[in-house]
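Thanks, everyone, for making the time this morning. Please bring the structure up on your screens, and I will walk through a few places in it.

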Amino acid sequence: MLSQGLSHIIFNASNHEDFQLAIKFYTSLGFKDITAKEQQKESVVWLKLSSESQADVIIKLVLNVSTIPQHRPAGDVDWALEEASIAFNINNVDAVKTKLSEIDAPIQDHSNNDVNKLYVLDPLNNLIVLTDKTPCLLKATSAASAIETASSNSKRQKIAVLTSGGDAPGMNAVVRAVVRYGITKGCDIFAVYEGYQARCMPFKTREGRLKAAENLVLNGIDSLIVCGGDGSLTGADLFRKEWSGLIDELKNAKRITEEQAETFSFLTIVGLVGSIDNDMSSTDITIGAVTSLHRICEAVDAVSTTALSHSRAFVIEVMGRHCGWLALMAGIATGADFVFIPEKPPQQDDWEEFMCSVIERHRHLGKRKTVVIVAEGAIDKNLNPIKADHLKDILTDRLGLDTRVTILGHTQRGGAPAFFDRLLATTQGIEAVDAVLESTRDTPTPMIGMVDNRIIRFPLMKAVESTHEVAESIGKKNFARAMELRDPQFAEEFETYNATTIMDDHSLSLPKHERLRIAIVHMGAPAGGMNAATRTAVRYCLNRGHTPIAVNNGFVGLARGSMNEMTWMFVDGWTALGGSELGTNRAVPGEDIDMGMVTYQLQKNRIQAIMVVGGFEAFVAIQRLEEARVEYPSLRIPICLIPATISNNVPGTDYSLGSDTSLNAIVSSCDAIVQSAQSSRRRVFVVEVMGGRSGYLAVEAGLAVGANTVYIPEEVINLARLQADINHLKTMYTDDDPDKSEGRIILRTEDVSKTYTTEVISDILKEEGNGMFDSRTAVLGHIQQGITPTPLDRIRATRYAKHCIEFFEKHSSVALNKANDQGASVPIELTNSKESVAVAGINSNIVDFSPITELLAVTDMKNRKPRTAWWTEHRPIIDILAGRDYFKLENK
């Protein structure tokens with residue numbers, strides 16, 4: 001693993017053999033051993049490469065058995081797409097290639113007419129770039145420089161962290177990440193209690209901000225990380241703009257010295273958005289919003305049962321003065337009949353009658369309950385408020401429904417943070433510390449956000465201005481602009497909600513000759529969101545004029561012809577149902593089931609498209625179907641896989657359905673286990689989670705629950721690794737207050753090792769703990785599949801399903817229109833293109849489709865997972881926040 005310093009680079013070797021090989025590798029490239037005699041140790045070597053064309057390159061090579069070995073990039077992938085550790089100049093490319101060949105170093109040559117460039121793996125699996133052009137230095141060198149300075153200079157970086165504004169679940173996780181990560185970077189971290197002063201007036205005055213500046217200077221603090229809403233962050237930016245004037249005023253009043261005024265002439269501020277409304281522009285999601293959505297969906301799910309029992313209507317009011325995110329997402333996730341949001345009011349002059357017509361249609365179809373969700377800031381197109389009590393009166397007076405109002409209020413802020421908010425808060429807290437360390441006097445105040453599943457920095461005041469513009473646009477009745485200022489997914493979800501819920505009046509129907517008979521198959525283990533995807537697919541199919549056909553019990557049922565057409569009411573209430581209502585199994589056509597019987601039933605039942613919902617077995621299944629197209633014309637139809645597996649190991653997507661539900665189930669269980677461990681003091685639980693040969697669940701859950709470490713298939717587990725983990729545990733328990741010792745948790749993926757089982761690891765920990773701590777095991781098993789799908793899985797299911805039906809329409813329309821134009825009968829063969837058998841994926845927050853034939857090249861079929869995964873970058877964070885580099889037993 002790599003870290004960078006101000007004047008040198010540090011490479012860590014996890015064993016003596018790799019340590020020696022690394023020395024040989026770099027010395028063969030011309031590095032000289034410059035280790036001073038007084039610094040000579042068997043575990044540390046200093047190497048230097050001098051050059052006239054570039055600055056000297058110095059490497060500190062450290063033997064550190066607690067280091068997790070670096071992931072080795074696969075040899076058949078393009079290393080230019082991987083993150084390199086270091087780049088430097090070479091003069092004689094051929095000579096270097098010869099030398100690398102002599103030591104059998106893995107190499108990829110990316111030279112062309114303009115530049116010679118070699119990508120080389122050193123023995124520690126660090127990717128090195130050698131080029132005869134001036135290389136661009138890689139990843140965050142300025143932050144690393146600041147880190148080295150903070151660690152080595154007499155003046156340490158002092159950072160204060162505060163939370164302000166309305167409380168949001170995840171704020172504590174922000175503080176934890178800032179404190180622990182900041183400490184590992186050599187910084188002193190200060191907690192500021194009660195925000196700016198518990199939302200009181202003093203900070204809004206000049207004298208209040210003057211006192212705040214004095215407090216920071218007297219404590220030696222020149223950096224501030226603020227987690228709050230737009231008001232809190234606007235106040236923080238104002239504080240920074242006034243800083244130099246405040247310092248001058250304090251100096252002139254003799255409240256601080258001239259030396260202090262000079263030392264603290266510049267204030268760094270970094271903002272993180274903690275807001276349950278998700279109302280900040282320039283970020284896709286804010287800390288606390290997902291947890292609030294959990295609370296709303298739990299309440300609506302609970303209300304739905306009593307509404308169903310008495311055939312009642314409920315009007316649910318949720319938060320959101322200028323932002324309808326909570327209302328819209330809750331409407332999608334709970335299958336509400338109507339939703340009112342500020343950004344997109346109903347455009348009908350008589351919107352009351354329009355709402356009643358939609359609800360009446362639903363009632364005539366057989367619904368016994370009605371749920372209407374309204375944001376607190378909802379308005380009509382003339383800016384008149386739409387309130388819950390008014391909606392109740394309309395439903396009661398016009399439709400004669402027994403209607404109740406439920407205002408959720410501050411329950412939306414309560415409870416333990418959901419998995420997603422813990423992850424978001426942790427990763428953004430780390431980014432905030434890096435932003436502080438990289439900041440200069442000229443750097444605009446940054447806001448840490450998330451865009452396209454990536455943590456980003458964005459100028460704070462630009463984000464605040466865009467946020468205020470939303471309210472201004474609504475006030476000007478420019479609702480189109482208000483929608484533009486939200487993230488793109490918001491507008492897409494609004495359209496999806498209408499297309500699958502409101503527009504059920506045949507207004508979206510296709511011409512008869514373009515309508516399809518679509519089979520829906522569940523395959524593999526049950527996963528949260530399977531039923532929600534089926535519900536959306538069925539209702540969108542019906543709205544488009546298609547015929548959705550349920551296939552019972554996977555491809556086994558398909559081969560037997562066990563299928564039936566589905567109606568609008570057939571899937572009512574499925575959004576909140578876990579498991580698989582259609583039934584599922586792992587049998588693969590062409591392997592466990594006769595392909596001829598499958599194709600016979602497809603032709604017999606005139607199936608024109610297949611939507612498969614499942615995990616890696618389903619991935620293999622559609623691959624077999626694509627291969628069999630050569631022999632069976634009835635398979636020359638559009639086929640799409642919606643990924644649904646808790647392991648999140650389907651290639652072609654960042655997220656599979658069920659993975660968020662599973663992570664929340666794991667986090668909830670681990671919270672209870674940690675509580676038990678803390679009550680028992682000095683106890684370490686080894687918790688086994690699912691995932692097969694993928695460490696996704698262990699890594700992401702480990703980060704969310706504060707695991708001490710994780711054991712995953714992507715890493716080696718051996719006695720040396722276990723010994724390092726035991727030493728670290730001893731260090732931490734030595735550091736603990738003996739009367740308040742912490743309980744701790746380790747996560748292990750089920751298939752990480754046949755030798756080092758969960759029981760074996762626990763026994764080793766117990767034995768080696770020598771009475772300092774003991775150990776217990778917990779195997780979570782099938783509870784990880786969850787009960788009720790989480791809101792995120794329900795929403796992703798809705799997106800997947802609608803896009804899947806549109807995928808079928810795209811790949812069948814040419815053949816169907818051609819037959820119609822020629823007056824011919826509907827053809828069996830609709831498409832034979834490679835692109836028409838695909839995996840749907842959410843990548844960078846966009847739903848796209850990857851042909852199965854292209855995905856095979858990036859798939860590890862043996863281990864049933866993609867060759868690369870975005871989540872692996874989170875693995876080192878677990879060790880950092882567990883204090884692997886901070887606690888040193890030998891220094892105790």
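Let me begin with a question: is N278 buried or exposed? What we are looking at is a predicted model, and in this model N278 is buried, because its relative accessible area is 5%, which falls under the 20% cut-off for that term. N278 sits in the loop that lies between strand 13 (268-273) and helix 8 (289-310), and its phi is near 55°, a positive value in a residue other than glycine. As background, most residues other than glycine have a negative phi.

A second residue to look at is D452, whose phi is also positive, near 55°, again in a residue other than glycine. D452 belongs to the loop between strand 18 (446-451) and strand 19 (454-459), and, with 32% relative accessibility, D452 counts as partly exposed.

Turning now to strand 6, which covers residues 86-89, you will see that I86 and F88 point one way while A87 and N89 point the other way, and that all of them are buried. Strand 6 runs parallel to strand 9 (residues 127-131), to which four bridges join it, and across that pairing F88 stands opposite L130 of strand 9.

Finally, a word on confidence. The average pLDDT of the protein is 89, and 92% of the residues score at least 70. Over residues 1-6, however, the pLDDT is below 50, although this stretch has 26 contacts in the model beyond near neighbours in sequence. Residues 135-154 likewise stay under 50 in pLDDT, and for them the model has 36 contacts beyond four places in sequence.

Definitions and conventions
Residues are numbered from 1 along each chain as its sequence is written. This is a predicted model: local features need pLDDT of at least 70, side-chain atom pairs count only at pLDDT 80 or more; totals for chains, interfaces and linings use all residues. Side-chain values use heavy atoms; hydrogens and water are left out. Buried means under 20% relative accessible area, exposed over 50%, partly exposed in between (1.4 Å probe, protein chains only). Helices (H or I, at least four residues) and strands (E, at least two) are DSSP runs, numbered from the N terminus. Two strands pair if DSSP finds at least two bridges between them. pLDDT is the predictor's confidence in each residue, from 0 to 100. Contact means heavy atoms within 4.5 Å.
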